[in-house]
Amino acid sequence: MYAFVVPCLFGLEGPCADELRRMGLEDVRAENGRVRFSGDGACCAKANLRLRTGERVLLSLGSFEAATFDALFEGVRALPLEDYIPKGGQFPVKGYCLDSALHSVPDCQRIIKKAAATRLGGAYRAEWLPEDGAMYQLQFSLVRDRAEIYLDTSGAPLYKRGYRPGHVAAPLRETLAAAMVGLARYRGRDALWDPFCGSGTIPIEAALIARNRAPGLNRTFAAQKWGFIPRAAWSDAAEEARSLEYRGEYHIFASDIDPRAVSLSRENARRAGVAGDITFALADACTAPAPWERGVIVCNPPYGERMGERQEAQALYRDMGRTLGAMADWKQYVISSEPDFERYYGRKAAKRRKLYNGMIQCWLNMYW
Ligand SMILES: C[S@@+](CC[C@H](N)C(=O)[O-])C[C@H]1O[C@@H](n2cnc3c(N)ncnc32)[C@H](O)[C@@H]1O
């Protein structure tokens, strides 16, 4: 059994923990900005392939007090790294420090690298480690003088699903789009409309959810090259994921005022294998008629982080409120970094939830 840690965007700990529990994984515990679970190599493969809201899957190698560089060095040197990293494995180090006596990330990286090299050099009786093999990215967190050391099993972050090489200026992270669709309780039965589709992230994630298609089937993961996780774990997890897919007819509508965004969304949906599930259209969200009688609107209108843009965004929220906001048969889930969104939209939300799009604090304004 291994201990795993899934970092996630702040605000998504609950949805991420729910996903892991639904996969049948054990010891799932949500913490601030991350979720823990335990399991074997098969669980690692399953989580990487199927998680929609987690950023990556880290395997925890150990945790210890480290208020000094000596303690950090000795703590890392005591870890049985040779059980995981072979002689030729590459083991770069990255991580972060928070509220700790050791606060220089580059210095901690250097110490951890040196300690890991000392441990592996001793285990392999080698003065020099070639580092010409598979990637075993070491990560560390140092929080209030407690270090935890991990191996990154994912490689590229999980939000890189492989369908969005092209995106508009302010794309939503795929993990956040999936969480919004989940929070809107969309499961593929109702109609869903994103009237500000940009590069198509929300409708594409909605289609993947409707089909119950694992988001990681189109990409690879670092741990696929690791000897201690059986190859079969990955092929079995992929086969199981494929067997859980549904085929159905979905009512997903994606529109945008910018023709480039519409064609980009279409192209990204094609890459994700869900173009047939989504209808695309060029339309102004403030004047477009609803595509169906009722359903759920999930959208990410422009935020306007700079002053002039912010005023433009506020004017847009007013216009939206008069049209979209007045569609009583459509539940609405609108993400915005505007703290006063409800005032401009002209409607008090049934509920607001604080979420982060990367580093930007936002609210998901929910109307039902
Ligand atoms: C923040 S981006 C959406 C990003 C999208 N969620 C993604 O992940 O790529 C906002 C989008 O709203 C579009 N937009 C701005 N005003 C609009 C309007 N009045 N009607 C429809 N789309 C509009 C922009 O063209 C842009 O693509």
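Which residues does L151 touch, not counting residues up to four places away in sequence? They are V57, L58, L59, L61, Y84, I85, Y136, Q137, L138, W226 and F228. Contact here means heavy atoms within 4.5 Å.

The model is predicted: local features need pLDDT of at least 70, side-chain atom pairs count only at pLDDT 80 or more, and totals for chains, interfaces and linings use all residues. Residues are numbered from 1 along each chain as its sequence is written, and side-chain values use heavy atoms, with hydrogens and water left out.

The protein is divided into domain 1 (2-152) and domain 2 (174-212 + 245-367). These bounds come from an automatic or database domain assignment. The domain centres, taken over C-alpha atoms, are 35 Å apart. Across the boundary, 9 residues of domain 1 are in contact with 14 residues of domain 2.

The largest nonpolar core holds 103 residues. Such a core is a set of buried Ala, Val, Leu, Ile, Met, Phe, Trp, Tyr and Cys residues joined through side-chain atoms within 4.5 Å. Buried means under 20% relative accessible area (1.4 Å probe, protein chains only). L20, F37 and L151 touch the most other members. Each of domain 1 and domain 2 supplies at least three residues to this core. Another core, of 24 residues, lies apart from it; A191, A281, M327 and A349 are among its members.

Polar contacts are pairs of N or O atoms within 3.5 Å. A ligand oxygen is 2.5 Å from a side-chain N or O atom of S199. A ligand nitrogen lies 3.0 Å from a side-chain N or O atom of D284.

How values were computed: Buried < 20%, exposed > 50% of the residue type's maximum accessible area, 1.4 Å probe, protein only. Polar contact = N/O pair within 3.5 Å; in protein donor to acceptor, adjacent residues only side chain to side chain.
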